[in-house]
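Look at the sequence and the model below. The walk that follows goes from the overall picture to single residues.

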Amino acid sequence: MNTWTYILKRILESIPILFIVSLLSFFLIRLSPVDPLAQMKLNPAISEETIQKETKRLGLDKPVIVQYGLWVKNFLSGNMGYCIDNTKVSVKIKSRILNTLLLSLVVIFFSWIIALPLGILAAIFYNSLFDKILTVLSSVGMAIPSFFFAVLMLLFAQKTGYFPIGGLTSINFNEMDLFHKIADVMWHVALPAFVLTTISLSSLMRQMRANLLDILDADYVKFAYAKGLSKSKVIIKHALRNAINPIITLLGFEFAGLLSGAALTEYVFQYPGLGKLILEAAMQSDVNLVMASLMIGAFMLISGNIIADIVLKLTDPRVRI
Amino acid sequence: MNFSDLFYKLKKDKIPFTAFIVLLILYFIIAFADFFAVYPENYSMRSLAYQPPSNIYLINKENKIVRPYTYNFIRTFNKEKLTIEYKQDRTKKYKISLFGKGYEYKLFGIIKTNIHLISKPDECNLFLLGTDINGHDVYSRLFFGGRISLTIGFLALLISFPIGAIYGGISGYLGGKWDKVMMRIAEAVMSIPGFYLLIILAGFLPSGMTSSERFTLITVILAFIGWAGLARVIRGMVLSIKNQDYIKAIKTIGAGKFRIITRHILPQTSSYIIVAITLSVPSYILAESGLSFLGLGIQLPDASWGNMLREAQEFANIIYRPWLLTPGFLIFIAVLSFNVLGDKIRDILDPKMIK
């Protein structure tokens, strides 16, 4: 099977999963006794007309199955309805997705760049002092509750004044030129990214170390040594290539973990990402927004997994599915 | 491998064994939460909100070691700075004693007693770790909070693991169409970012529930998110086990499907399940505390480490009242110990991992 058919197959496979996700989330939310339009009705800024339009759009006067059908139809045509503050759900979600993607990509980039070399060194110098210190540090990194760490970082930002507190842009963002705009956003992303990187770094490093240790034990590595190759050549040319492959599969999981883990960090730093949006939506029982962001979250997670699988297929010729 | 073997191997490695002991101590303490606490869980001294920790003195003015004593704090309002200040009232000493009498409680809900580790005179306001905004004693609430934070994970596991194991077992054993459909459903549950689902389910819980109802529902929600991952792994293991000869032998004897799955296949996966349990407790603890931190989990006046940390959302609190952060360190210690212990148990039960 060539790469393109494989990609197509993976995409087709994910459709039934997304369908089940939509069923699950729709009925879970409908099971709760919350009136989906209760908040809208309370908001005096929203006209009676809009509410009636929403009632009709959601089919609230019809049975649940029909409501679900209508919802799917609307969703597929891009009509996700209105939030309780009368903005379009699709508009609100779009900007948040980009912010969350930005944060996730920064975190993935830095955690890989730091974790892989550290994991490799820890495996090469197995049981040395360096290895032991890294093991302790990574245990600590994995055990800190992300929100607690975020709060401590916020304290740090407040005390030193080196980093901005919350948000994604400074007040005078619109007056900046492009270069300063990018710098400003990066400056705001720095602390949330630091918190999330520390946490995902630890598990990634351990995985890399464990993989390389496994491979260093394999027969072909012993054979390479027996041939008289130098240690560096054996590790770089023979062991590393195989040790990295399982890590690529982790990329998908990591992305999933990031989406979840970022929610709390985003909340603490008031970072305008998808996680914070979904939290606000859940707290205000904003049904349209909740449904849409659940679907988008699932969609992002599945895409992350597919991308990881494709990368794995490209790098490892042994993968045949 | 039996448990005494496991324990023996665990004992040989100092760090994981320390983690094991730390966990034992933590669970011992929360089992006797009332004994260690100074005040009942809902006790609140509203006139002494945000009181700093009481100092304990062992040396008196004549430089002699005496029985520990403390002073009360007086709250004053500074009219120039417009702040509330606490000053020690040095006029009256209060002696503190060990194993004395305090409020009455029921040990394990049965034995009525009023003996506490630390006891103090009635009019003495002893707040070892200060108070929060409602004048709750942070020190006492650490024990009650721990009781919820450290047990909710295990309770959720008690629900999610049997479901995950049986679901994965059935799916793997039946194979074919059933397997496909069941695995798609499990994958769908896994495809929703876990914490999003958690937030939403908890956010849509109707308000006005009693605290025990809420506790139960939060546990169920945590379990609902955890079962799918386990089901997938168990299914994979069952696929390889079900073709072994002994299963064929049992089939020829005429055992039913459900019996084969629960009695003969799933026990083979037990060492994996033990490892998965110890490694997943921390994630449940973190999930509960995160949820409560957001205000969606355990609600006041009940204590949990997560909702105690809600106070840390206020800047003024983390800067001027650092004692409110103590639950965060306890979560850290508990999670760290579980991780270290879990890693060791995995090494012991899975010889492939040992280097």
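The predictor gives the complex an ipTM of 0.80 and a pTM of 0.83. For chain B, the mean pLDDT is 81, with 98% of its residues at 70 or more. Where pLDDT is low, the predicted coordinates should not be read in detail.

Start with chain B as a whole. Its secondary structure comes to 13 helices and seven strands. Its C-alpha atoms fill a box of roughly 85 × 45 × 40 Å along the principal axes. Of its 355 residues, 40% are buried. Take the contacts in chain B between residues at least 6 apart in sequence: 69% of them join residues at least 24 apart.

Next, the domains. The assignment for chain B gives domain 1 (3–31 + 141–349) and domain 2 (33–136). Their centres, taken over C-alpha atoms, are 36 Å apart. The contact between them takes 13 residues from domain 1 of chain B and twelve residues from domain 2 of chain B. Which elements give two or more residues to the domain 1 side? They are helix H2 (14–31) and H4 of chain B. H4(B) supplies the largest share of that side, four residues. By type, the domain 1 side divides into eight nonpolar, one polar and four charged residues.

Now bring in chain A. Here 35 residues of chain B are in contact with 41 residues of chain A. On the chain B side, at least two residues each come from helix H5 (176–191), H6, H10, helix H12 (315–320) and helix H13 (326–349). That side divides into 25 nonpolar, seven polar and three charged residues.

One of these elements, H6(B), deserves a stop. Is helix H6 (residues 194–203) of chain B enclosed or open? Ten of its ten residues are buried, so H6(B) is largely enclosed by the rest of the structure. The run of buried residues includes B:Gly194, B:Phe195 and B:Tyr196, and also B:Ala202 and B:Gly203. What covers them comes from both chains. From chain A, the cover includes helix H1 (3–31), helix H10 (231–269), helix H11 (274–283) and helix H12 (287–315). From chain B, it includes helix H7 (211–241) and helix H10 (270–293).

The largest nonpolar core has 149 residues. Those with the most contacts inside it are A:Ile278, A:Val290, B:Leu198 and B:Ile199. Helix H4 (residues 138–174) of chain B gives this core its largest share, 15 residues. Both domain 1 and domain 2 of chain B give residues to this core, so it lies between them.

Zoom in on A:Ile278. What does A:Ile278 touch, leaving out residues up to four places away in sequence? Within chain A, its contacts are A:Ala263, A:Val290 and A:Ser293. Across in chain B, they are B:Tyr196, B:Ile199 and B:Ile200. Those three chain B residues are among the buried residues of H6(B).

Finish in chain A, at helix H4 (residues 64–76). Its 13 residues reach 18 Å from first C-alpha to last, close to the 18 Å expected at 1.5 Å a residue. Just after H4(A), A:Gly78 takes a positive phi of about 85 degrees.

Conventions. Residues numbered from 1 in each chain as written. Chains lettered and ligands numbered in written order. Predicted model: local features only at pLDDT ≥ 70, side-chain atom pairs only at ≥ 80, totals over all residues. Core = buried A, V, L, I, M, F, W, Y, C linked by C-beta atoms within 7 Å. Buried ≥ 20, exposed ≤ 12 C-beta atoms within 10 Å, placed from the backbone. Domains from an automatic or database assignment. Contact = placed C-beta atoms within 7 Å. Nonpolar A, V, L, I, M, F, W, Y, C, P; charged D, E, K, R; others polar. Expected span 1.5 Å × (residues − 1). pLDDT = per-residue confidence, 0-100.
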